[in-house]
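Reader: Please show me the model. I would like to go through it by question and answer.

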Amino acid sequence: MDERTPPKDLSHHLSRSAKARNASSIKEFYKYFLIPGIGQLAGGLPNNYYFPYDTLEAKIARPDRWRPTPNQPIDPPDKVAELSSPLNQPQDHILVPHSSDQKNPIKKIDLVTALQYGTAQGYPPLYYFIRQLTQNYMHLNCPYKDGPEVILTCGNTDGFSKVLSTFTEEWFEGDRVEDRQGLLVEEFAYMNAVQAAKPRGMNIVPVGIDDEGMRADGPGGLREVLENWDCKKGKMPHLMYTVT
C-alpha cells in the first residue's frame, strides 16, 4: 500500500476561469457507445475508412545510436573525424496497422484510434507510457501518494500557456496593482515562457542561478527576492517557472 502523504490541495491558486470549468458533457456519453448497436453521432467522429492512410511504417533509431562525448567544452579533433552519419546505424522497423484486435486501450496502437478524436487526457498508449516512465524512472523519490502525474501538450510553449491560464488572472494597466500576480523565473529563462507571461500583465521577477539551478540564498537568490518583494508592483508570487 502507498503510505506516502497525499499531495496538498492547491486549488485555491486556480484562476477564476479554471474554477468555472466543467467536464465535457459529450465525454460522459462515451460509456454508452461501447454497447453493441449504439450509434455514436455526438462527437462528430469521422468514418475511419476515410483516413488518408491505410498503414504507417518507419525505420526506428535504436537507443544506442548516439554515443556520449566527454564533458569538455570542445570535442577532441581526432574524435570528430571518427563520427559517421547516424542514419547509417542499425535500425528497427515498425508497422502501425489500420486496425488492431487488441482490447486493452493502453496497448492498442492502430490508425483507427490514433487518428480519431480521443480523450482530453491524450492518446492512451502514449499517455500511460510517459506516465510509467516518469513514475518508475524519472521521479522515483516523489514524496506524495500515487506519485507524479503527467499532462500531454504540444510542447513547452503550449503547455506553459495553459499553466498561465489555469493559475493566473490577466492584469492590465489601470487595474488594481494589488491584483497583479507575480512570476518567478530563472535569471536566464526560456524567452518564450517570458513572452507568454508578459501579455497577461504579470510581474516577472528573475532569481539568480548557479550550476545547480535557482539559488536559495545569496545576492539575487530566492530568499533575498522574496524578503525584498516590492508590493507596489504586485502581490507576492505563487508561481515559479524553472528548468534547471
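**Pocket, sheet and selected residues**

Reader: Which residues lie nearest the centre of the largest pocket?
Author: This is a predicted model, where local features need pLDDT of at least 70, side-chain atom pairs count only at pLDDT 80 or more, and totals for chains, interfaces and linings use all residues. Residues are numbered from 1 along each chain as its sequence is written, and side-chain values use heavy atoms, with hydrogens and water left out. A pocket is an open set of points on a 1 Å grid over the protein atoms alone, where a 1.4 Å probe fits, with protein on both sides within 12 Å along at least five of seven lines; lining residues have an atom within 4 Å of a point. The largest pocket has 33 lining residues, and those nearest its centre are Glu149, Val150, Ile151, Val163 and Phe167.

Reader: What is the volume of the largest pocket?
Author: Grid points are joined across faces, edges and corners, and the volume is the space filled by probe spheres set on the points. For the largest pocket this comes to about 1300 Å³.

Reader: Which helix gives the most to the lining of the largest pocket?
Author: Helices (H or I, at least four residues) and strands (E, at least two) are DSSP runs, numbered from the N terminus. With 9 residues, the top contributor to the lining is H6.

Reader: What is the strand order in the open sheet of 3 strands?
Author: Two strands pair if DSSP finds at least two bridges between them. Pairing in this sheet is parallel, and the order is S4-S3-S7. The edge strands, each pairing on one side only, are S4 (203–207) and S7 (239–241). The twist from one strand to the next averages 25 degrees, in the order S4-S3-S7.

Reader: What angle does the direction of H6 make with that of S7?
Author: Axes are lines fitted to C-alpha atoms, for helices over the stretch in contact (heavy atoms within 4.5 Å). Angles run from 0 to 180 degrees between N-to-C directions. Helix H6 (residues 156–167) packs on the sheet and touches S3 and S7; its angle with S7 is about 170 degrees.

Reader: Over how many bridges do S3 and S4 pair?
Author: S3 (residues 182–186) pairs with S7 in the parallel sense over 3 bridges, where leucine 183 has leucine 239 as its partner. In S4, valine 205 is the bridge partner of leucine 184. The S3 and S4 pairing is also parallel, and its bridge count is 5.

Reader: Which residues form the uncovered face of S4?
Author: Asn203, Val205 and Val207 make up the covered face of S4. The uncovered face has Ile204 and Pro206.

Reader: Is valine 185 buried or exposed?
Author: Valine 185 is in strand S3. Its contacts beyond four places in sequence are Ile204, Val205, Pro206, Val207, Met214 and Tyr241. Buried means under 20% relative accessible area, exposed over 50%, partly exposed in between (1.4 Å probe, protein chains only). Valine 185 has 5% relative accessibility, so it counts as buried.

Reader: Which side chain makes a polar contact with that of serine 15?
Author: Serine 15 sits in the segment before helix H1 (16–19) and is buried at 2% relative accessible area. At 3.2 Å, the partner is serine 17.

Reader: Which residue has its backbone oxygen 3.3 Å from a polar atom of the histidine 98 side chain?
Author: Histidine 98 lies in the loop between S2 and H4. Its relative accessible area is 15%, so it is buried. Among the residues it touches are Tyr49, Tyr53 and Asp110. The backbone oxygen at 3.3 Å belongs to asparagine 48.

Reader: What is the phi of aspartate 146?
Author: Most residues other than glycine have a negative phi. Aspartate 146 lies in the loop between helix H5 (124–138) and H6. Its phi is positive, near 70 degrees.

Note on methods:
A polar contact is a pair of N or O atoms within 3.5 Å; within protein, one must be able to donate a hydrogen and the other to accept it, and residues adjacent in sequence count only if both atoms are side-chain atoms.
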